[in-house]
Amino acid sequence: MNDHQPVGDGCDNGSVGYEPEPHHKEAFPVLVLGALGVVYGDIGTSPIYAFREALHAASLDGALSRTDVLGVVSMIFWALALIVTIKYVTFVLRADNDGEGGILSLMALARSSFKSRPQLILGLGIIGASLFYGDAVITPAISVLSAVEGLEIVTPTLEPFIVPITLVILLTLFSIQRFGTASVAKIFGPITLIWFLAIGFFGLLHIADDLSIFAAVNPYYAFEYIIDNPQTAFPTIGTVFLAVTGAEALYADLGHFGRKPIATAWMWIVFPCLLFNYFGQGAFILAYPNEAKNPFFEMFPHWALLPMVLLATMATVIASQAVISGAYSLSRQAVQLNLLPRLNIEHTSEKQSGQVYLPKVNALLGIVVVLLVLGFERSSNLASAYGIAVTGNMLVTTILLFIVMTRIWKWSLWLAASLTGCFLIIDLTFVSANLIKVVDGGWASLVVAFLVVLVMFTWVRGSRKLFEKTRKGEVPLDLISKKMAENPPTLVPGTAVFLTGDPKSTPTALMHSLKHYKVLHQNN
């Protein structure tokens with residue numbers, strides 16, 4: 001099935017869903033397993049590189065202290081708890097627009113509460129969506145590269161093959177997208193479940209290396225590190241944010257699985273396993289401070305190293321699926337909101353309307369991802385480019401969420417302001433910390449976002465100009481009805497359908513029919 005043209009403006013049908021969406025007909029456990037494979041692949045593979053990069057940023061002179069390790073683990077713990085668990089799972093996922101999620105759905109929902117349809121909210125939605133595309137091209141590149149780099153630990157002789165292997169994996173991933181999210185989820189779900197259980201298990205084993213790592217639950221250690229290390233605090237905060245990249249995919253993929261399966265998978269599987277692994281890596285470094293070069297792979301016993309490298313490679317391929325699926329949903333919404341030109345949209349499931357595939361979007365994403373891998377070559381280099389687009393997207397989400405809370409959910413102003421104010425402080429802190437990455441590679445995702453903004457604003461402006469020009473030559477429907485009542489045209493049997501985006505004006509096709517054929521069908 002294909003969608004070739006947008007359906008309405010997407011702004012008048014906003015509703016806030018608190019129950020399972022009606023188009024999710026599959027069994028709940030199947031949806032939870034599918035959500036693991038499609039939604040949580042991105043955030044689930046962050047332990048491969050997030051803790052490593054945060055440690056490197058925290059140790060200015062190459063030496064790590066106990067305070068550094070506890071501070072990094074504490075910041076990661078509270079980032080996951082506040083941003084993912086509280087902000088996204090508890091609140092943002094509830095702001096669905098007829099079962100659909102993502103920044104554009106949130107924008108449409110916020111805009112629907114105003115009769116005047118403010119252009120400022122439209123602009124915020126466009127910027128947020130564009131930043132998501134900037135993230136969508138970085139995630140596959142850094143995820144797969146970071147996993148394949150584990151081969152260096154198995155044997156350094158494989159280093160020259162890391163980029164070619166990464167490219168083959170990514171090209172394969174983009175080539176199978178046409179089979180649909182459901183087909184992909186059936187394969188990816190079980191693998192991702194094994195991945196989470198494996199990283200959680202090995203992390204739990206290494207927590208025993210130094211049980212004092214549990215002190216990192218106390219936010220005091222995060223603040224202590226920031227206060228005592230003003231030179232490295234900002235770069236470290238920017239790299240800690242890598243642990244929560246992928247949170248925006250939870251909302252973008254809402255239409256694929258629904259809120260409850262996504263929330264259940266997070267609370268019972270993803271969150272606990274991530275915490276076990278991060279705390280395990282922290283305890284491992286406290287016990288073996290010289291192993292900070294790549295702690296994720298170095299903490300595995302020798303017999304498990306190669307299997308975990310292979311599993312990590314599969315998991316990072318799956319990680320890429322989260323943002324790729326989100327990009328499809330976002331593009332579909334952009335077409336329906338008339339923010340992008342009409343695209344071929346293929347529905348890949350008979351049961352779930354949110355599962356779609358866009359060939360042109362898939363091709364463009366694939367090309368940009370390949371160019372990024374060839375240009376940056378190492379996951380550490382890409383880490384400098386990663387995060388800035390995601391933080392911007394999250395900031396826009398918080399602003400739009402405030403509007404939805406006050407105007408759609410009817411929350412009191414002080415309650416909505418208090419909650420979103422806390423989110424804004426966190427978002428602005430991460431945005432500020434990631435701005436220093438612009439020169440080191442952050443420009444890449446910003447260039448992608450800028451190009452998408454340019455396309456969207458050009459399309460919106462051009463469509464409006466064309467509509468205004470066409471409107472001048474149209475006749476009001478009330479006027480033509482009055483004239484036909486006074487001088488009825490010849491009626492012919494049958495029914496005619498005239499497609500129009502403006503119910504107040506006479507469709508051009510109807511005018512041509514009256515002008516050239518001098519007749520009107522009995523039913524119109």
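Tutor: A disulfide is taken here as a pair of cysteine sulfur atoms within 2.5 Å. Please keep in mind that this is a predicted model.

Student: How many disulfides does that rule give?

Tutor: The count under this rule is 0 disulfides.

Student: And Cys-273 and Cys-422, buried or exposed, or partly exposed?

Tutor: Cys-273 is buried, its relative accessible area being 9%. Cys-422 is partly exposed, with a relative accessibility of 45%.

Student: Let us turn to helix packing. How do H19 and H20 cross?

Tutor: Helix H19 covers residues 388–407 and helix H20 covers residues 413–435. Their axes come within 9 Å and cross at roughly 170°. Angles over 145 degrees count as roughly antiparallel, so H19 and H20 are roughly antiparallel to each other.

Student: Which classes of residue make up that contact?

Tutor: The contact of H19 with H20 has 16 nonpolar residues, 6 polar residues and 1 charged residue.

Student: What about Leu-400, buried or exposed?

Tutor: Leu-400, which lies in helix H19, is buried at 0% relative accessibility.

Student: What does Leu-400 touch?

Tutor: Beyond residues up to four places away in sequence, Leu-400 touches Ile-103, Leu-106, Met-107, Ala-110, Ile-121 and Leu-124. For Ala-110, the C-alpha atom is separated from that of Leu-400 by 6.4 Å, although the two residues are 290 apart along the chain.

Student: Now the loops. Where is Gln-177?

Tutor: Gln-177 sits in the loop between helix H8 (162–175) and helix H9 (181–207).

Student: What does the side chain of Gln-177 reach?

Tutor: The side chain of Gln-177 reaches the backbone oxygen of Leu-173 at 3.2 Å. Setting aside residues up to four places away in sequence, Gln-177 also touches Gln-321, Ile-324, Tyr-328, Tyr-357 and Asn-362.

Student: And Ser-505, buried or exposed?

Tutor: Ser-505 is buried, with 7% relative accessibility. This residue belongs to the loop between strand S4 (490–495) and helix H23 (508–517).

Student: Which residues is Ser-505 in contact with?

Tutor: Apart from neighbours within four places in sequence, Ser-505 is in contact with Arg-471, Glu-474, Val-475, Pro-476 and Leu-477.

Student: One last topic, backbone angles. What is phi for Asn-338?

Tutor: Most residues other than glycine have a negative phi. Asn-338 has a positive phi of about 60°, although it is not a glycine. Asn-338 lies in the loop between helix H16 (302–336) and strand S2 (345–347), and is partly exposed at 32% relative accessibility.

Student: And what is phi for Lys-518?

Tutor: Lys-518, again a residue other than glycine, has a positive phi near 60°. Lys-518 is located in the loop between H23 and strand S5 (519–523).

Student: Is Lys-518 buried or exposed?

Tutor: Lys-518 is exposed, with a relative accessible area of 56%.

Notes
Residues are numbered from 1 along each chain as its sequence is written. This is a predicted model: local features need pLDDT of at least 70, side-chain atom pairs count only at pLDDT 80 or more; totals for chains, interfaces and linings use all residues. Side-chain values use heavy atoms; hydrogens and water are left out. Axes are lines fitted to C-alpha atoms, for helices over the stretch in contact, and angles run from 0 to 180 degrees between N-to-C directions. Helices (H or I, at least four residues) and strands (E, at least two) are DSSP runs, numbered from the N terminus. Angles under 35 degrees count as roughly parallel, over 145 as roughly antiparallel, 65 to 115 as roughly perpendicular and the rest as oblique. Ala, Val, Leu, Ile, Met, Phe, Trp, Tyr, Cys and Pro count as nonpolar, Asp, Glu, Lys and Arg as charged, and the others, Gly among them, as polar. Buried means under 20% relative accessible area, exposed over 50%, partly exposed in between (1.4 Å probe, protein chains only). A polar contact is a pair of N or O atoms within 3.5 Å; within protein, one must be able to donate a hydrogen and the other to accept it, and residues adjacent in sequence count only if both atoms are side-chain atoms. Contact means heavy atoms within 4.5 Å.
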